[in-house]
Amino acid sequence: MRQSRPSGRHTRRLASAAVVATAALVLAGCGPAEDIPVLTWYTNPDDGGQATIAQQCTEAAGGAYRIETSILPNDAASQREQLTRRLAAGDTSMDIMSLDPPFIPELAEPGFLAPVPEDVAASTTEDTLEGAVAGATWKDNLVTVPFWANTQLLWYRESVAEEAGLNMNEPVTWDQLIEVARDQDKELGVQGARAEAMTVWLNALVESAGGHILENPEASAADVQTGLDTEAGHQAAQIISTIGQEGLGGPGLATQQENEAMLLFQGDSGSFMVNWPFVWPATNAAVEDGALPEDLPEDIGWALYPRVVEDQEPAPPLGGINLGVGAESEHPELAWEAIECIVAPEHQTEYFITNGNPPSSASAFDDPAVEEAFPMAPTIRESLELAAPRPQTPYYSEVSTAVQQRFTPPGAVDPEATPAETGQFIMEVLRGESLL
């Protein structure tokens with residue numbers, strides 16, 4: 001009789017059982033402790049949440065493995081650089097990696113990432129929000145596992161919206177926000193610095209208008225076509241240009257990133273702001289410290305990202321972190337088991353509450369403790385369903401840098417010329433005809 005071939009999951013369990021047995025012997029004094037496999041998890045900086053989960057999963061593994069964390073640099077670009085360099089060199093310590101979604105295709109295309117076993121893909125995405133799955137995918141294949149997801153909301157001052165007569169229970173457009181800022185001599189919290197935040201903003205505007213920065217992001221460098229010189233690209237550029245040229249983003253717009261935008265919004269001239277959920281715990285912490293008025297949180301509301309087109313749903317920014325395994329890892333089976341533990345909904349819930357990073361799991365939002373800590377959690381969940389990833393291309397770093405160079409400062413953006421010039425510049429860079 002032909003025997004069925006053991007599934008990948010079954011094989012891993014057998015391997016783990018063997019390791020557990022070995023660990024039991026180790027714990028019983030029958031072997032050296034150093035025989036327990038050590039999995040290195042390269043994490044992005046946070047408030048210690050990933051280290052806590054690593055400890056919890058190590059304890060849950062019962063000696064099958066031990067997870068040690070290694071913290072990557074602060075900014076996403078430096079994280080990308082270090083991970084890419086290590087993977088290209090065949091570093092065997094790349095067991096688990098916390099990866100920013102835009103850089104995943106660059107690592108997947110040359111085969112730097114170990115394939116996600118089918119059973120792991122199924123178990124870790126069965127209740128994952130759509131946007132998070134899209135950010136973990138390359139060429140229709142899940143190449144990483146969603147861990148936590150992030151998105152931007154529209155934060156607003158209740159007093160400003162009320163004076164303007166805006167019904168914030170209904171969708172609002174960028175044009176409406178600009179008009180209110182003009183009328184009330186207020187400032188809009190946006191990110192206009194020459195940094196990744198600008199690509200995040202532009203991508204959300206173009207996607208919300210029904211377009212794409214790249215029309216065929218999976219194409220080779222020679223065949224990539226940009227979608228900026230389109231109606232969607234021009235609408236996006238018009239919004240950025242208007243805010244920049246009329247000074248509606250504040251005097252520091254040209255160097256303003258997420259934190260600076262939050263500070264602007266918290267001040268007397270604050271009105272509306274697009275930003276990540278971290279602003280809520282940060283604002284409350286500042287109030288507790290006495291740095292901000294006690295009644296400020298009562299004046300802060302939240303809604304879905306503003307629309308570019310009145311009758312068209314927005315496409316909010318998508319962020320977060322996915323987990324991947326290096327192709328040269330010495331412990332891929334154990335690494336995937338550890339990842340299944342790390343992304344368990346209860347861990348995502350705890351991570352959200354303690355570190356402020358929203359879950360990618362839909363069920364993780366159901367915990368009452370989540371809404372108690374983040375009353376805007378239902379809006380975050382809805383936003384994640386609408387969120388659109390930045391261009392999923394192996395050349396993302398080049399595309400993003402080109403966008404940043406051409407769309408900053410916002411006051412210099414020409415709605416008629418900048419989209420076409422940026423699209424041409426991106427193609428010249430990818431084809432080796434121009435330098436960044």
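Reply: The part to examine is the largest nonpolar core, which has 49 residues; a nonpolar core is here a set of buried Ala, Val, Leu, Ile, Met, Phe, Trp, Tyr and Cys residues joined through side-chain atoms within 4.5 Å. Those with the most contacts inside this core are Met168, Trp174, Trp201, Leu202, Ile243, Phe272 and Ile426. At least two core residues come from each of β7, α7 (158–164), α8 (174–184), α9 (196–208), α10 (231–245), β9, α17 (396–406) and α18 (418–430). These elements are DSSP runs numbered from the N terminus, helices being H or I of at least four residues and strands E of at least two.

The model is predicted, and local features need pLDDT of at least 70, side-chain atom pairs count only at pLDDT 80 or more, and totals for chains, interfaces and linings use all residues. Residues are numbered from 1 along each chain as its sequence is written, and side-chain values use heavy atoms, with hydrogens and water left out.

Another core, of 31 residues, lies apart from the one described, and Trp41, Tyr65, Ile67 and Cys341 are among its members. In soluble globular proteins, nonpolar side chains tend to be buried together.

Buried means under 20% relative accessible area, exposed over 50%, and partly exposed in between, with a 1.4 Å probe and protein chains only. Strand β9 belongs to an open sheet of four strands in the order β8-β9-β7-β10, with mixed pairing; two strands pair if DSSP finds at least two bridges between them. The edge strands of this sheet are β8 and β10 (300–303), each of which pairs on one side only. From one strand to the next the twist averages 20 degrees.

The bridges give the detail. β7 (residues 153–157) and β9 run antiparallel and are joined by four bridges, whereas β8 (residues 187–189) and β9 run parallel and are joined by three. Phenylalanine 272 is the bridge partner of tyrosine 156 and also of leucine 188. β7 is joined to β10 by four bridges, again antiparallel, and the partner of arginine 157 there is isoleucine 300. Helix α11 (residues 258–266) lies across β7, β8, β9 and β10, and runs at about 155 degrees to β9; axes are lines fitted to C-alpha atoms, for helices over the stretch in contact, and angles run from 0 to 180 degrees between N-to-C directions.

α17 and α18 pack at an angle of about 145 degrees, with their axes 9 Å apart. Their crossing is right-handed, the term for a near helix turned clockwise from the far one by less than a right angle, anticlockwise being left-handed. On the α17 side the contact is made by Glu398, Val399, Ala402, Val403, Gln405 and Arg406, and on the α18 side by Thr418, Thr422, Phe425, Ile426, Val429 and Leu430. These residues divide into seven nonpolar, three polar and two charged, where Ala, Val, Leu, Ile, Met, Phe, Trp, Tyr, Cys and Pro count as nonpolar, Asp, Glu, Lys and Arg as charged, and the others, Gly among them, as polar.

Within α17, the residues Tyr396, Ser397, Val399, Ser400, Ala402, Val403 and Gln404 are buried. The helices against which the buried residues of α17 pack are α3 (76–88), α9 and α18. An α-helix has 3.6 residues a turn, so residues three or four places apart point the same way.

Helix α3 extends the picture to a second sheet. α3 lies across β1 and β3, running at about 145 degrees to β3. These two strands belong to an open sheet of five in the order β2-β1-β3-β11-β6, with mixed pairing. Its edge strands, β2 (66–71) and β6 (145–151), each pair on one side only. The twist here averages 15 degrees from one strand to the next. Two bridges join β1 (residues 38–43) to β3 (residues 96–99) in a parallel arrangement, and methionine 97 is the bridge partner of tyrosine 42.

Methods: Contact = heavy atoms within 4.5 Å.
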